[in-house]
Amino acid sequence: MSADIRKLDLNLLRALDALLDERSVTRAADRLSLTQPAVTGMLNRLRESFDDPLFVRAQRGIVPTVRAEALARPIKQLLADVEGMLQPGAFDPLSAEMTIKVAATDYALRAIVVPFLSALHQHAPNIKISVLPVDDQLLQVQMDRGDVDLALVATEAVAPGLHTQWLFDEHYVCVMRADHPDAKASTLSLERFCALDHVLVSPAGGGFSGVTDEALRNIGRSRRVTVSVTSFLVLPEILSVSDLIAVVPRRLAIRQAGLAIIEPPVEIPGFSKLLAWHERTHRDAGHRWLRALMAEAAATL
């Protein structure tokens, strides 16, 4: 039996969407600001309409039936379309008041978010930005739930269901303090590069090998990595008080005072940076304006 559309309203569809995301009546009720019995009653109405249990009990919470899983994406699309219809089409940045959640690595925070915030303050002073860490494994779920609005990610980290826009291609440079003994030379030999002590950024922590080391291995060489840190943001301070050198994305180095920049003597593959967003915000005028401003800010460097 097909669903009786006459028995369905937006509140029921929102409840089904929340249940599909949360896999728990209690958490869905909290998300919808309803009581648990109210959500249970809505689930019973949904079951009657679709002539399907929709969810069955599991060891932890509830799991959707095949029918419910098939409804997940169409319902999310329908709710997004309805929300888009109810929102005004015009967007005035100067008067807009909203909070945008941006997922970014510390690299993207420095290279993209900082110039974006500068432009945003000028054009839309009442828009708030919340910056969150990127978790490639959870990004799709975070986008589905609305926990993240925009994400700055590498090409390989983009989930298939997200919209993306290419921002730029990045390449690596070698950096050291401006008065480093090797800073006066315009080039750095491979021998000297491998002999110097290096500091490496290992986002997961504890690593002493990265893309530079892989590039060196390909030509039968290796370097001396003596310090491993978890963030790019601490590098300038480390370099300023030592003879260590580092290989970093160029956009982190070009605006950093007190650093000398030299091309590395080995070819190191770069990467592309993308802006990703969910279908639920794809047509929203305010989000479109924000995405354009972020792309413009990224292009300024």
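Let me begin with R177, whose bridge partner in strand β11 is L259; helices and strands here are DSSP runs, helices being H or I of at least four residues and strands E of at least two, numbered from the N terminus. What I am showing is a predicted model, in which local features need pLDDT of at least 70 and side-chain atom pairs count only at pLDDT 80 or more, while totals for chains, interfaces and linings use all residues. Residues are numbered from 1 along each chain as its sequence is written, and side-chain values use heavy atoms, with hydrogens and water left out.

The pair I opened with belongs to an open sheet of three strands, in the order β10-β7-β11, with antiparallel pairing, where two strands count as paired if DSSP finds at least two bridges between them. Because β10 and β11 stand at the edges, each with a single partner strand, one side of each is left without a neighbour in the sheet. Neighbouring strands of this sheet are turned by 45° against each other on average, direction ignored; such angles run from 0 to 180 degrees between N-to-C directions, with axes fitted to C-alpha atoms, for helices over the stretch in contact.

How many bridges join β7 to β10? Four bridges join β7 to β10, residues 246–249, and the two run antiparallel; Y172, for instance, has P249 as its bridge partner in β10. Towards β11, residues 259–262, β7 again has four bridges in the antiparallel sense, and there V175 stands opposite I261. Six of the six residues of β7, which covers 172–177, are buried, so this strand is largely enclosed by the rest of the structure; buried means under 20% relative accessible area, exposed over 50%, and partly exposed in between, with a 1.4 Å probe and protein chains only.

A cavity is a set of points, on a 1 Å grid over the protein atoms alone, where a 1.4 Å probe fits but cannot get out, and lining residues have an atom within 4 Å of a point. The count comes to one cavity of 30 Å³ or more, and about 100 Å³ of space lies in the largest cavity, where grid points are joined across faces, edges and corners and the volume is the space filled by probe spheres set on the points. Which element gives the most to this lining? It is α9, with three residues. The lining divides into 10 nonpolar residues, no polar and one charged, where Ala, Val, Leu, Ile, Met, Phe, Trp, Tyr, Cys and Pro count as nonpolar, Asp, Glu, Lys and Arg as charged, and the others, Gly among them, as polar.

Let me turn to the other sheet. Five strands form an open sheet in the order β4-β3-β5-β12-β6, with mixed pairing, and the edge strands, each pairing on one side only, are β4 at 127–132 and β6 at 163–170. The twist averages 20° from one strand to the next. Strand β6 pairs with β12, residues 271–277, in the antiparallel sense over seven bridges, and D169 has S272 as its bridge partner in β12.

Helix α11, residues 285–299, packs on this sheet, touching β3, β4, β5, β6 and β12, and its direction makes about 50° with that of β3. Within α11 sits H287, which is buried, with a relative accessible area of 10%. Leaving aside its neighbours within four places in sequence, H287 is in contact, meaning heavy atoms within 4.5 Å, with M98, I100, D149 and T281. Helix α5, residues 106–123, lies across β3, β4, β5, β6 and β12, running at about 175° to β4.

Most residues other than glycine have a negative phi, yet S33 has a positive phi near 60° and L54 a positive phi near 70°. S33 lies in the loop between α2 and α3 and is exposed, with a relative accessible area of 67%. L54 is found in the loop between α3 and β1 and is buried, with a relative accessible area of 0%. R67, in helix α4, touches F50, D52 and L54, not counting residues up to four places away in sequence, and R67 is partly exposed at 34%.

Definitions and conventions: On a 1 Å grid over the protein atoms alone, a cavity is a set of points where a 1.4 Å probe fits but cannot get out, and a pocket is an open set with protein on both sides within 12 Å along at least five of seven lines; lining residues have an atom within 4 Å of a point.
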